[in-house]
Every structure is written in structure tokens, then in C-alpha cells.
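Hello,

Here is the structure I said I would pass on. Please look it over before you read the notes.

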Amino acid sequence: MKILSVASEVFPLVKTGGLADVAGALPAALAKQGVSVITLMPGYPAVMKALEEFEVAYTSENLFGGAARLLWGKAKRLELFVLDAPHLYDRPGNPYLGPDGKDWPDNSRRFAALSLIAAEIGRGSVADFVPQIIHCHDWQAGLVPAYVRYGGGPKTVMTVHNLAFQGHFPASIFGTLGLPPRAFGIEGVEYFGGVGYLKAGLQCADAITTVSPTYAREILTVEDGMGLDGLLRVRSNVVHGIVNGIDTDIWNPANDANIMQSYTAKQLARREANKRAIEKRFGLETGDGLLYCIVSRLTLQKGMDLVAAALPRLIELGGRLAILGSGDAVLEGPLKEATVHYPGRVGVATTYDEPLSHLLQAGSDAILIPSRFEPCGLTQLYGLRYGCVPVVARVGGLADTIIDANDAAISAGVASGIQFAPVTQEALEHALERATTLYADKAAWASMQRAGMKADVSWTRSAARYADLYRSLLKAA
Ligand code: ADP
Ligand code: GLC
């Protein structure tokens, strides 16, 4: 089976969040299911630099205002189609935002181009790789199913990693897309009077997936549907929730070059060296007490305002907190102030640092994830794998991947973390109290760490589910 995956970021080439991790790891897991995947991504500078050997599969003299080439090659173990269109992608910095922190003004063209080329590959423009299905990730690939519906092509799957990012543009861009006039309607790309890229994908794809079963249910509701719940309810018979896995080679505490001391579930005491390294790195006092970490975009989605609000209680309970995150300056402020207010107890690094994110998982006792909504979440899976106990809001993928330490789960030895609901300061503080009590019981805590490390967080089961979905689509065809 041949699949074209379309993603705007792919680890380890370009990453702003979990989408990159998924797009980077899923193809290798699918290969083991007999599915061969090539990923199409934009030719950002980092991608062009990493591309080792390639051939030119296709050229276009004018793709949304400039010349473009489709390159087929390998970079960091990944097989890629790279859309080399310098007028669209040859820019420094973030893939979506300009230096002023605002969306690139031509994002509608940048990602329409990506989607158009994907549809053309689907229609056979690269004779040596004609995919049977195009798998589209998030709004940046949302127009693919529309280009296929109105111009032909194979079956399409639209995966929602985060409904909060929809790619909504003014109606005036419609004329640039090269779609027939009838596509500007409720059955096509029209969305609240403008053009919705994710909406188009959800409307036109043959199947819709999202990254956990609970989020797949949540997005059908007015509260969590972000304006798209009506459409999703109409199409609910083709909506599937498939939980994310992680790359267990990159995230392996027994063999991780980013951490101070490697360890297995039988050597939990060895985590201490990593804890000491974190304390040093974040300017924290040394101690055996409960050390929490956060590795996150600093946004309201991730509940970072709740963390700031619950910090006094966390400190009162004897905890310490190391935060690695960047994002909203408004949310950053109070966390940075806390480092002054509670010296030695709170440390903040407002950078993006992949190696440091590994160290935090390897040495902290618990990872705090108080998200208001979370399609899947990957940091709790890394936490499980590293014996860093997740303390999470009971939403989306966090609800599906963590077993709460209630009495039954503790006595059965299967508890792997702490969940709280609703997502409020009060409930978060109660979770911190529960964590403190459990941490004091060394046997109970170690049992949670071991249960987490034993959990299968690999891609194996979920890759099989994607493969089943692909097969069922081809059968229906
Ligand atoms: P989201 O995609 O919503 O941001 P996920 O939990 O799915 O949330 O994925 C976030 C990914 O980004 C994880 O791999 C996490 O380790 C990583 N990450 C987030 N912030 C940072 C940071 N400041 N430094 C390094 N890695 C980070
Ligand atoms: C999104 C979601 C996150 C999910 C990731 C990968 O960024 O916010 O919950 O884990 O995509 O699917």
C-alpha cells in the first residue's frame, strides 16, 4: 500500500509541536504494517539543508507566484517529497510566523501550494509513486481533499491534531486557489463567509481521524467543537479517534544521549543524577522532595495560567517546579516572577530545547499537564516512558493514556499517574495534594513509575489501526 502523508512540520527537521513528532515517527511504524509512506513537506531552509540526495520529480514555472520544484529524496532517515518553492518557504525562523510574531501574510498561498502539489501527486504526476491514499495533517494540508474532490485524485484522510488551528482566510483569497466557483459553498471550502482550510478538509475527506478517542467525542460537542462541531456531527460516522504513539528509540531512558544517567525500570535510583542535573540547570535547591516539571507551549490551552495560580500551594506542599516552555509573553510573565518570589523552588527556561526536554523527563518526579483541552498530548507519554509520573487534566488524550491512582488502581499496581477534573485551580491543587501524599509512600510512587514504564506507548497498535483504516477505504473504493 502506498500512502502520501502531507505535513507542514516533521521531526527532526522542523518542529513546533507534537504534529512534527507524529509525522516523523508514524511512517516507520506503518512500514512494519506493510504500508509505504512518503511525506510531502515544504522546503523550509532547514529541510533544504538536511536533504541528502534527491532527484527532481517535477517542476512548475509558476506555483502561486514563483517557480517551484518537487524534490524526492532522503533526510535523516525519512523519505520525503520536498516542495522547493523559495518564494513561499525560503525564510528564516518559525514556519508559520514572521519575525513580528504574526502569521506570514501569504500563509494562504504557502499552504494552498503544498496541498495542490499533494493532489497532483495523487493524480499521478510522479509516475514512480502514485499513492492510493493521501493522509493530510492539520489545516496546512486541509485543502488537499478539496483539490481532490474538484480535480480528481485518490481517497483522502484528514487528521485533526488540534481543532484550535483552522486556517481561516478572507473570501478574497478564494480566486487565487484555482478551484472552480462551485467550491465556494457550504459543501466545499466556504466557512463563515471566508475560506476554511481545515473545514475544507473535514468536509471533503473520505475519513476523518483525530489523535485520541476521547478528543474524537469531545469535538462533536458545542463546548469543544470550536465552531466545527456541527459539520463533525454530520460526518460523525467517518470520524475515528486513534491515539498517538511515540518513537521509543528516540525516547528511551536506557539509551538516551541527552540525559546525565541512563536507567531502566529496575534502576529507578539512577534517576537521581538527572534530578541533580536539573536542579543545577534551573537554579533549584538540592533535595529529595517532589520535583515537578513542565515541558510545554505556554498557552491557555495548556493551562499555564492555572499553574501560576496554583504555584503557592505547590510550594506550600514542599514541591519544586522546573518549567521549559515558550509562547505567550502574558503567561510567561507570572511564571518568571515566581522564580524571583520563590528562589530555589521555581526555575523557568523560556527556550525551545529538545535535549533539555529529555533531561526533565529523566530526572523530575512528575510532569504537570493541566490542559484545558488536549487532542492527544505527547509529553505524558514521554513521562510514562521515563518514569516521570504524569499529573494531568482528565481531557482528550490525557484521559485515554493515564490510569488515575485511585485505590483500586493502586492496589492492582496499574496506576500510572494522577488525573483531575474539572480543569480548575481548585482541582489542580487537589491533584498536587494527592501527588504529595503518594510521593511520601515510596512503594506506591515506585509502583506508579514502573506501571508507566511498562505501558506500551509505542506506535505499534495505533499504526495497525491506521493501516486498517486505509485498507477499509480502499476496499470501499
Ligand atoms: P502540542 O503539540 O499541543 O504542543 P504535544 O504534547 O503533543 O503538545 O507535543 C509537544 C511536543 O513539543 C513534545 O515533543 C514536547 O516535548 C515538545 N516541546 C514543547 N515545548 C518544548 C520546549 N520548550 N522545548 C523542547 N521541547 C518542547
Ligand atoms: C497537537 C495537539 C496535541 C497532540 C499533537 C500531535 O499539537 O495539541 O495534543 O499530541 O497535536 O497529535
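Predicted model: local features only at pLDDT ≥ 70, side-chain atom pairs only at ≥ 80, totals over all residues.

Residues are numbered from 1 along each chain as its sequence is written, chains are lettered from A and ligands numbered from 1 in the order written, and side-chain values use heavy atoms, without hydrogens and water.

Ligand 1 has 20 residues around it, of which K15, G18, D21, R297 and K302 come nearest (a residue is near if one of its heavy atoms lies within 4 Å). The shell divides into 5 nonpolar, 8 polar and 7 charged residues, with Gly counted as polar and Asp, Glu, Lys and Arg as charged. Domain 1 (2-245 + 459-476) and domain 2 (268-454) each give at least three residues to the shell; the bounds come from an automatic or database assignment. Strand 13 gives the most, with 3 residues.

Polar contacts are pairs of N or O atoms within 3.5 Å. A polar side-chain atom of K302 is 2.8 Å from an oxygen atom of ligand 1. Backbone N or O atoms also approach the ligand: one of T351 lies 2.9 Å from a nitrogen atom, and one of L378 lies 2.9 Å from an oxygen atom. The protein covers 93% of the 560 Å² of accessible area that ligand 1 has on its own (Shrake-Rupley, 1.4 Å probe).

Strand 14 (residues 320-327) runs parallel to strand 15 (residues 346-349), joined by 4 bridges; pairing needs at least two DSSP bridges. Strands are DSSP runs of E, at least two residues, and helices runs of H or I, at least four. In this pair, A322 stands opposite G347. With helix 11 (residues 329-341), the two strands make a right-handed β-α-β unit, that is, clockwise from first strand over helix to second with the strands pointing away from the viewer.

Regards

Methods: Polar contact = N/O pair within 3.5 Å; in protein donor to acceptor, adjacent residues only side chain to side chain.
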